[in-house]
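Dear colleague,

Please find below the structure that I am handing over to you. My notes on what was found in it follow directly after.

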Amino acid sequence: MINKSQQSKMREQYFKSGSVQEALNYFGTLQNPLHNKPKYCTTFNCIVLTLLKNVDIKLNQMEQLAKLPSDIHRKVETLKKLQLEQMEKEAAFHRQVHSMEMEYQLDLKQIYSQRRAIVKGAVDDALKPEAEPTYPLKGIPEFWLRVFKAVPVLSSMILEKDEAVLKHLVDVRVEVRDKPVPSFVLHFEFEPNDFFENEILTKEYLLECDPGLENMADFSGFQIFDTNGCEIRWKEGVNVIATENVDADGVNALKESFDSIVYKDFLEFDFEIGYLIKERIIPKAVLYFKDYSGFAEEGN
């Protein structure tokens, strides 16, 4: 049986010398790093409190398991080996699907290229009715901004100054890769604008598909293990995500000390957004655009 002293030691080991309290203190006073507006991060407090509760549940489960007869333990270990064998086959399936997705994206390339041309206005003359000499508007202005605003989780993240930038977004596409590691890259293409020099901004999501003994309960296929953004070459005086009073060293220190608990949640949320764009928004962009009523209400 696990006594109180052992439980205490396990908690200390699990949370690595007080990192939970450090994170609570840090996130409780953190300013919004994107827009420099005070924002108490109660979400992260909830994450930590949930983790604390889960530790007690885990300890109770371990105590109950320790009471089982030894022959049951042997049978359970055999079942775990079978489970791992099953999950390794599932991992092979997901890797094969990833390879098929790479081939599939080639089939869609022409369709997406046509959509890009229509949005940018590159084929206006070919699409206009014969009775009209020209279209009053080039392409579809603010197409992707309106698409993003039709998605609640994205719309809640877009501020007014973000809209000024996103109005210049003319294409969003995805590239699925398998080398050097499985990944997908989101490409955001912008028309010339007053904010930055880049024509294309990218965000890469690095994936792994490894069930492993330590990850059996959470395994469901490919999972993110890191992300890579690109450098934005802002024009002078127009950096809309410039921050003040944000301690970069403090962020990095927190990432290192709290990596296995809270930072993982950052990655998972980041991946959920990227996966949403990849799997739903890019393939069905025009459907989201039609759902956004603002276009008609503004008289366009």
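Strand E2 and strand E3 (residues 200-208) pair in the antiparallel sense, over seven bridges. Two strands count as paired if DSSP finds at least two bridges between them, and strands (E, at least two residues) and helices (H or I, at least four) are DSSP runs numbered from the N terminus. Within this pairing, Ser-183 stands opposite Leu-206 in E3.

Please note that this is a predicted model, in which local features need pLDDT of at least 70 and side-chain atom pairs count only at pLDDT 80 or more, while totals for chains, interfaces and linings use all residues. Residues are numbered from 1 along each chain as its sequence is written, and side-chain values use heavy atoms, leaving out hydrogens and water.

Strand E2 also runs antiparallel to strand E1 (residues 169-177), to which eight bridges join it. A hairpin of five residues links E1 to E2, and Val-174 has Leu-186 in E2 as its bridge partner.

How many of the eight residues of strand E2 are buried? Eight of the eight (residues 183-190) are, so E2 is largely enclosed by the rest of the structure. Here, buried means under 20% relative accessible area, exposed over 50%, and partly exposed in between (1.4 Å probe, protein chains only). Ser-183, Val-185, His-187 and Glu-189 point one way from E2, whereas Phe-184, Leu-186, Phe-188 and Phe-190 point the other way.

Turning to charges, side chains of opposite charge can pair when their charged atoms come close. A search of the whole structure finds eleven salt bridges, each being a side-chain nitrogen of Lys or Arg within 4 Å of a carboxyl oxygen of Asp or Glu. One of them joins Arg-146 and Glu-142 (3.3 Å, N to O); Arg-146 is buried at 5% relative accessibility, and Glu-142 is partly exposed at 25%.

In another, Arg-173 meets Asp-171, with the closest N and O atoms 2.6 Å apart. Arg-173 is partly exposed, with a relative accessible area of 27%, while Asp-171 is buried, with 3%.

Glu-204 forms a salt bridge with Arg-177, the closest N and O atoms lying 3.7 Å apart. Glu-204 belongs to strand E3 and Arg-177 to strand E1, so the pair ties together parts that are 27 residues apart in sequence. Finally, salt bridges that share partners join Arg-116, Lys-120, Asp-171, Arg-173 and Glu-189 into one network.

Yours sincerely
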